[in-house]
Amino acid sequence: MSDDGHEQNGHENVPSRQRRRFPGISSRAYEHPADRSALVALRKLSGFDTVFKALSGLLPERSLRLMFLSDSVRVSDQQFAYLNDMLRDACYILDLEKVPPMYVSQDPKPNAMCIGLDEPIIVVTTGLVDLLDEEEMRAVVGHEVGHALSGHAVYRTILLFLTNLAIRVAWIPLGSLAIMAIVTALREWFRKSELSADRAGLLVGQDLRASMRGLMKLAGGHHLHEMNVDAFLKQAEEYEAGGDLRDSVLKILNVLPRSHPFTTVRAAELKKWSESRDHQRIMDGHYPRRTEDKDTSVTDSFRESAASYASNVKSSKDPLMKLVTDIAGGAGDLGGRVRRGFGGFASSTPTENEPPTDTDTPPRDES
């Protein structure tokens with residue numbers, strides 16, 4: 001039950017326990033700084049305002065709603081009642097006044113989304129429902145309600161529409177390039193928005209282990225007994241720190257076409273936030289209110305985002321980020337660092353035009 005006795009679903013495998021509620025909470029409380037800065041940058045993209053205004057009037061939102069109404073199962077007290085209880089509880093905890101419609105769509109691929117222009121719609125696939133237990137699913141429902149509270153549904157809908165449009169007009173060179181520029185910017189923002197929504201899911205579920213299990217299942221399927229949270233998080237560390245500059249470039253290229261960040265990265269980011277002072281302050285009842293949103297300074301948001309990026313770059317173990325930090329710190333031998341980076345940071349073998357690093361010991365004659 002929630003902290004004021006708000007009724008949870010009665011399934012026996014879901015423990016009845018106290019959950020904190022956050023009256024009047026602003027989405028700023030849980031939004032990742034990179035989410036806000038990416039969205040501001042997106043809005044400043046040349047041509048985005050024109051496209052946004054045009055699509056707002058052209059997108060077939062009514063058709064979208066009719067499609068789900070006619071070919072999916074609408075969650076209610078009579079259908080998927082336990083999901084309906086979770087949805088209402090998530091909206092109650094995050095104080096979202098209007099509960100968005102929710103549909104279960106037949107699709108074996110685990111997925112969930114929050115779309116819509118005038119009003120958000122939440123859609124979960126049967127693949128996701130079959131994959132997750134109820135506490136894991138609670139975090140996902142909270143994730144999607146977080147998208148709704150943040151107003152992400154509008155931009156997600158435009159991203160879906162433009163992605164399909166880009167495929168249809170691929171034969172028009174300039175038209176395709178213009179659309180893909182906006183699609184790429186939207187994807188960059190949406191990946192960051194997923195980190196924000198993961199935080200919202202944790203605020204709703206208030207069970208870090210369930211959030212971690214859900215992310216692990218998205219990566220490895222039903223075989224939870226074969227997986228380990230610590231080992232899974234270690235993959236994220238290895239992914240960030242491993243390789244050389246070539247691997248850093250490949251990471252960027254690999255993530256560009258994706259709408260979501262890599263699953264291990266999401267898990268590591270969520271665990272880090274769960275241990276932060278910001279998260280603890282929210283749980284203690286100290287958080288920004290929606291009534292204060294109108295007084296929020298855009299400059300302050302930029303400053304906060306810039307500080308977050310700077311901190312991430314400074315603490316990152318990624319070879320490219322380490323090189324950026326060294327450059328910013330005025331490290332010498334930039335050319336040598338770049339050459340070694342692309343040849344493998346792990347190798348200490350001198351290059352052809354580079355003297356041995358240990359000048360006191362002459363190289364051994366191998367002939």
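The questions and answers below go through the strands, cysteines and helices of a predicted model.

User: How many bridges pair β3 with β4?
Analyst: β3 and β4 form a hairpin, with five residues between them. In that turn, Gly 116 has a positive phi of about 125°. Ala 112 stands opposite Val 124 in β4. The pairing is antiparallel, and the number of bridges is four.

User: Are the residues on the two faces of β3 buried or exposed?
Analyst: In a regular strand, side chains alternate between the two faces of the sheet. In β3, Ala 112 and Cys 114 lie on one side, with Met 113 and Ile 115 on the other. Both faces are covered, and these residues are all buried.

User: How many disulfides does a search of the whole structure find?
Analyst: A disulfide is a covalent bond between the sulfur atoms of two cysteines. For Cys 91, the nearest cysteine sulfur is that of Cys 114, 9.8 Å away. A pair counts as a disulfide within 2.5 Å, and Cys 91 is in no disulfide. The search finds zero.

User: What is the relative accessible area of Cys 114?
Analyst: Cys 114 is in no disulfide, and the nearest cysteine sulfur is that of Cys 91. Cys 91 counts as buried, at 2% relative accessibility. Cys 114 is buried too, since the cut-off for that word is under 20%. Its relative accessible area is 4%.

User: How far apart are the end C-alpha atoms of α4?
Analyst: Helix α4 covers residues 81–93, which is 13 residues. At 1.5 Å a residue it should span 18 Å, and the model agrees with this. The end C-alpha atoms are 18 Å apart.

User: How many of the 13 residues of α4 are buried?
Analyst: Among the buried residues of α4 are Tyr 82, Leu 83, Asp 89 and Cys 91. The helix is largely enclosed by the rest of the structure, because the number buried is 10.

User: Which residue just after α4 takes a positive phi?
Analyst: The phi in question is about 60°. The residue is Asp 95.

User: At roughly what angle do the axes of α6 and α9 cross?
Analyst: The axes of α6 and α9 (residues 208–220) come within 8 Å. The contact is made by Glu 135, Glu 136 and Ala 139 of α6, with residues of α9 including Ala 210 and Arg 213. The helices are therefore roughly perpendicular to each other. The crossing angle is roughly 90°.

User: What is the relative accessible area of Glu 136?
Analyst: Glu 136 is found in helix α6. Leaving aside neighbours within four places in sequence, Glu 136 is in contact with Leu 131, Ala 210, Arg 213, Gly 214, Lys 217 and Leu 224. Glu 136 is buried, and its relative accessible area is 1%.

Note on methods:
Residues are numbered from 1 along each chain as its sequence is written. This is a predicted model: local features need pLDDT of at least 70, side-chain atom pairs count only at pLDDT 80 or more; totals for chains, interfaces and linings use all residues. Side-chain values use heavy atoms; hydrogens and water are left out. Buried means under 20% relative accessible area, exposed over 50%, partly exposed in between (1.4 Å probe, protein chains only). Two strands pair if DSSP finds at least two bridges between them. The expected span of a helix is 1.5 Å times one less than its number of residues. Axes are lines fitted to C-alpha atoms, for helices over the stretch in contact, and angles run from 0 to 180 degrees between N-to-C directions. Angles under 35 degrees count as roughly parallel, over 145 as roughly antiparallel, 65 to 115 as roughly perpendicular and the rest as oblique. Contact means heavy atoms within 4.5 Å.
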